[in-house]
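Please examine the sequence and structure shown below.

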Amino acid sequence: EKVFERLAGSRSVKAVVFRVDSPGGDGMASDLVAEAIRKCAKCKPVIVSQGQVAGSGGYWISMYADTIVAGPGTVTGSIGVIGGWIYDKGFTDKIGMTYDLVKRGERADIWNGVTLPFLGITIPGRNLTDAERGRVEEIIRKYYDIFVKKVAEGRGMTEEEIRKIAEGHFYSGLDGKEIGLVDEIGGLMTAIAIAQEKAGLKPDDEIEIIEIPKYKGLFKLPLPKSPFPVQFTDNPVYKYLKMYSDNPGYPFPMMLPGTYPEMEE
């Protein structure tokens with residue numbers, strides 16, 4: 001967010017190319033980035049270059065760009081949110097784990113449960129009641145409506161048009177262009193060429209491409225907090241379960257594991 005604010009106010013920056021390669025995740029983080037792009041786009045051209053995957057939260061952060069560029073096989077769209085309730089149905093009894101709590105109030109225990117060692121995933125100890133389930137569904141539907149409204153605003157389309165292509169459906173870059181979710185087909189260099197044109201620069205003008213953030217070197221990267229190998233904590237299924245654990249009963253814009261290709265570094 002702060003990076004886009006700095007770029008928007010910099011006189012030496014004529015256009016911004018933002019590379020997106022994400023199946024989504026945290027809704028609040030996605031919205032913060034999207035709003036930062038929207039504000040930046042008021043000052044100078046912002047071009048989004050979608051990589052292998054730009055679905056759900058990945059599309060959320062793309063939607064306010066002046067131009068969205070995707071590869072022909074890019075997985076894009078997936079305008080929708082997921083949410084649910086994973087609870088302990090005898091699992092911890094089988095592995096010999098228990099927990100205690102003191103509560104006051106009918107729903108004070110709703111998020112209490114066993115936290116699995118090392119994984120950092122908390123499993124609620126009970127299922128939802130009918131009333132609680134109704135409330136969760138209401139929140140999910142409201143969150144989805146907000147997503148649809150924002151995409152319609154960003155793409156200059158009506159909410160009815162977006163609803164016809166939303167509902168979590170994902171598309172190739174080619175299909176995305178046909179239905180209005182993508183503007184141009186191409187890679188990163190295509191996005192840079194479009195940014196140069198929108199900035200009013202000629203093809204033979206001398207330009208400098210500044211990559212942000214700059215690579216700091218292997219030994220300056222943060223070490224993983226989990227005792228498991230990085231490959232394990234980067235696993236889509238682990239990330240998916242962790243999002244459920246961190247957002248029990250709440251929606252989040254994230255594609256289901258297995259519906260998108262593994263992203264390259």
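Apart from neighbours within four places in sequence, serine 56 is in contact (heavy atoms within 4.5 Å) with Pro23, Gly77, Ser78, Gly80, Phe147, Pro253, Met254 and Met255. The model is predicted: local features need pLDDT of at least 70 and side-chain atom pairs count only at pLDDT 80 or more, whereas totals for chains, interfaces and linings use all residues. Residues are numbered from 1 along each chain as its sequence is written, and side-chain values use heavy atoms, with hydrogens and water left out.

The side chain of serine 56 reaches the backbone nitrogen of methionine 254 at 3.0 Å. Both residues in the table are buried (under 20% relative accessible area, with a 1.4 Å probe and protein chains only).

| Residue | Place | Relative accessible area |

Helices (H or I, at least four residues) and strands (E, at least two) are DSSP runs, numbered from the N terminus. With neighbours within four places in sequence set aside, glycine 58 is in contact with Val20, Ser22, Pro23 and Gly24.

A nonpolar core is a set of buried Ala, Val, Leu, Ile, Met, Phe, Trp, Tyr and Cys residues joined through side-chain atoms within 4.5 Å. The largest has 41 residues, and Ile79 and Ile162 have the most contacts inside it. Helix 5 supplies the largest share of this core, seven residues. A second, separate core of six residues includes Met243, Tyr244, Phe252 and Met254.

Key: Buried means under 20% relative accessible area, exposed over 50%, partly exposed in between (1.4 Å probe, protein chains only). A polar contact is a pair of N or O atoms within 3.5 Å; within protein, one must be able to donate a hydrogen and the other to accept it, and residues adjacent in sequence count only if both atoms are side-chain atoms.
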